[in-house]
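Dear colleague,

Please find below the structure that I am handing over to you, together with its sequence. My findings are set out after it.

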Amino acid sequence: MESKNGLEIRHNWTSKEVQEIYDMPILDLLYRAATIQRQYHTASEVQVCTLLSVKTGGCPEDCSYCPQAARYHTDVKVHKLLDVDEVLTKASIAKQNGSTRFCMGAAWRNIRDNRDFDKVLEMVRGVKDMNMEVCCTMGMLTESQAQKLKDAGLYAYNHNLDTSEEFYDEIISTREYDDRLSTIKHVRKAGLTVCSGGIIGMGETDEDRRKMLMTLANMPVHPESVPVNALVPVEGTPLAEQPRVPVWDMVRMIATARIMMPMSQVRLSAGRERMPVSEQALCFMAGASSIFAGEKLLTTPNPSVDQDKMMFDILGLKPRPAYKNKPAHVEENTAS
Ligand code: SAM
Ligand code: DTB
Ligand code: SF4
């Protein structure tokens, strides 16, 4: 057990405890999560992150939810790695629109040490120089690749567990849960912050959802960001016909994550496009402290910058500054 400013951070959650939290009457759960959020965070601040798909589609993996897997026939327009200048222009627009984190996604199974990786390192250096938190999500990586990203100025690496270990096989067959855990270890070892969460609405049970949260919360250090995605069902993928995730499921998931990992940024991620402001407000009340902004996630639609500005006005929210509360275990990197 650790303590931050006298507040307790736990890494030994039991399934019984997690079930008791997850199954609380929804209003009690909301109240408890909202209280914890106010003890550990400034509840009016929301971290605004912009995503950019720097390499789209053609991925060899078979993640059943993903429109970028080459084997599914979706409308995604495949493109090779974008040029550094184009990416930096997009990052600068994101910054002007209030984002303090820029996350670059590549539809790769894993990072390879080639010219494309050198280009990614250049992108990272460029975004870091704009004083934004830089994040990448590019599949599996080795310890030395994580270190190179860190040296270039990367702040966070996103690698989702997606679901429980037990349900994983139903969703992805081209890699193992342990592969995901190893990559997360490499990221941590390089002194990067970890962004890891999952998706709900893929046909998993409540127990699968709780098990995933337990795996994240019982890591030696909690992921600094925990994205909670509602499945965006995409035509052509095996999960295209999944029903819409009820807002109450998002609320339960976000609130339980907030209670178990009180210091982390819990991100209301994919799925906002279909949520009215009132539903998103419930998610903020449940402890969500971060969103993806900009009209596209990686390949699917997201609310526009104007819609989000309006939502922030209505709810009295403001963007969280970059690098606020940088954790002590994340050393300053050597990049400028
Ligand atoms: N290829 C890399 C990987 O798998 O780690 C990085 C990109 S991948 C698209 C990043 C994450 O996006 C996935 O782990 C998954 O959680 C999320 N994602 C992908 N498709 C989604 C969908 N249709 N709905 C919700 N989340 C999705
Ligand atoms: C995360 O957890 N969600 C983001 C980000 N990390 C990379 C991706 C959501 C993708 C939704 C489907 C798409 O737009 O392709
Ligand atoms: Fe590839 Fe990532 Fe999509 Fe899986 S989620 S198919 S690894 S891009």
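Predicted model: local features only at pLDDT ≥ 70, side-chain atom pairs only at ≥ 80, totals over all residues.

**Salt bridges**

A search of the whole structure returns 18 salt bridges. One of them pairs Glu-61 with Arg-109, whose closest N and O atoms are 2.7 Å apart. Glu-61 belongs to the loop between strand 3 (45–55) and helix 3 (84–96), and Arg-109 to the loop between strand 4 (101–106) and helix 4 (115–129), so this pair ties together parts that are 48 residues apart in sequence.

Arg-109, with a relative accessible area of 31%, is partly exposed.

Glu-61 also forms a salt bridge with Arg-175, and here the closest N and O atoms are 2.7 Å apart. Because Arg-175 lies in the loop between helix 6 and helix 7 while Glu-61 lies in the loop between strand 3 and helix 3, the pair ties together parts that are 114 residues apart in sequence. In this case both residues, Arg-175 and Glu-61, are buried.

A further salt bridge joins the side chains of Arg-272 and Asp-308, at 2.9 Å from N to O. Arg-272 is in the loop between strand 10 (265–268) and helix 10 (277–285), and Asp-308 is in helix 11 (residues 305–315), so parts that are 36 residues apart in sequence are tied together by the pair. The relative accessible area of Arg-272 is 0%, so this residue is buried. Asp-308 counts as buried as well, at 6% relative accessibility. Elsewhere, Glu-204, Asp-206, Arg-209 and Asp-249 are joined into one network by salt bridges that share partners.

**Packing of helix 2 and helix 10**

The axes of helix 2 (residues 26–40) and helix 10 come within 8 Å and cross at roughly 65°. On the side of helix 2, the contact is made by Leu-30, Ala-33, Ala-34, Gln-37 and Arg-38; helix 10 contributes Leu-282, Phe-284 and Met-285. By residue class, the contact of helix 2 with helix 10 consists of six nonpolar residues, one polar and one charged.

Ile-36 is also found in helix 2. With a relative accessible area of 14%, Ile-36 is buried. Leaving aside residues up to four places away in sequence, Ile-36 touches Arg-258, Ile-259 and Pro-262. Ile-36 and Asp-162 are 126 residues apart along the chain, and their C-alpha atoms are separated by 25 Å.

**Helix 7 and its surroundings**

Helix 7 has 13 residues and reaches 19 Å from its first C-alpha to its last, which is close to the 18 Å expected at 1.5 Å a residue. Its buried residues include Tyr-177, Arg-180, Thr-183, Ile-184 and Val-187. They cover an arc of only 125° around the axis, so they are on the same side of helix 7. The face turned away from that buried side carries the exposed residues Lys-185 and Lys-189. The cover over the buried residues of helix 7 includes helix 5 (143–152), strand 6 (156–158), helix 6, strand 7 (193–195) and helix 8 (206–217).

Glu-176 is placed in the loop between helix 6 (165–171) and helix 7 (177–189). Its relative accessible area of 52% means that Glu-176 is exposed, since that class begins over 50%. Glu-176 and Gly-58 are 118 residues apart in sequence and 20 Å apart in space, C-alpha to C-alpha.

**Backbone angles**

After helix 7 comes Gly-191, which has a positive phi near 80°. Most residues other than glycine have a negative phi, and two exceptions deserve a note here. Asn-131, which is not a glycine, has a positive phi of about 65°; Asn-131 is in the loop between helix 4 and strand 5 (133–137). Tyr-323, likewise a residue other than glycine, has a positive phi near 60°. Tyr-323 lies in the segment after strand 12 (318–319).

Yours sincerely

Terms used:
Residues numbered from 1 in each chain as written. Chains lettered and ligands numbered in written order. Heavy atoms only, no water. Helix = DSSP H or I, 4+ residues; strand = E, 2+ residues; numbered from the N terminus. Buried < 20%, exposed > 50% of the residue type's maximum accessible area, 1.4 Å probe, protein only. Salt bridge = Lys/Arg side-chain N within 4 Å of Asp/Glu carboxyl O. Axes fitted to C-alpha atoms, helices over the stretch in contact; angles between N-to-C directions. Contact = heavy atoms within 4.5 Å. Nonpolar A, V, L, I, M, F, W, Y, C, P; charged D, E, K, R; others polar. Expected span 1.5 Å × (residues − 1). Arc of directions from axis to C-beta.
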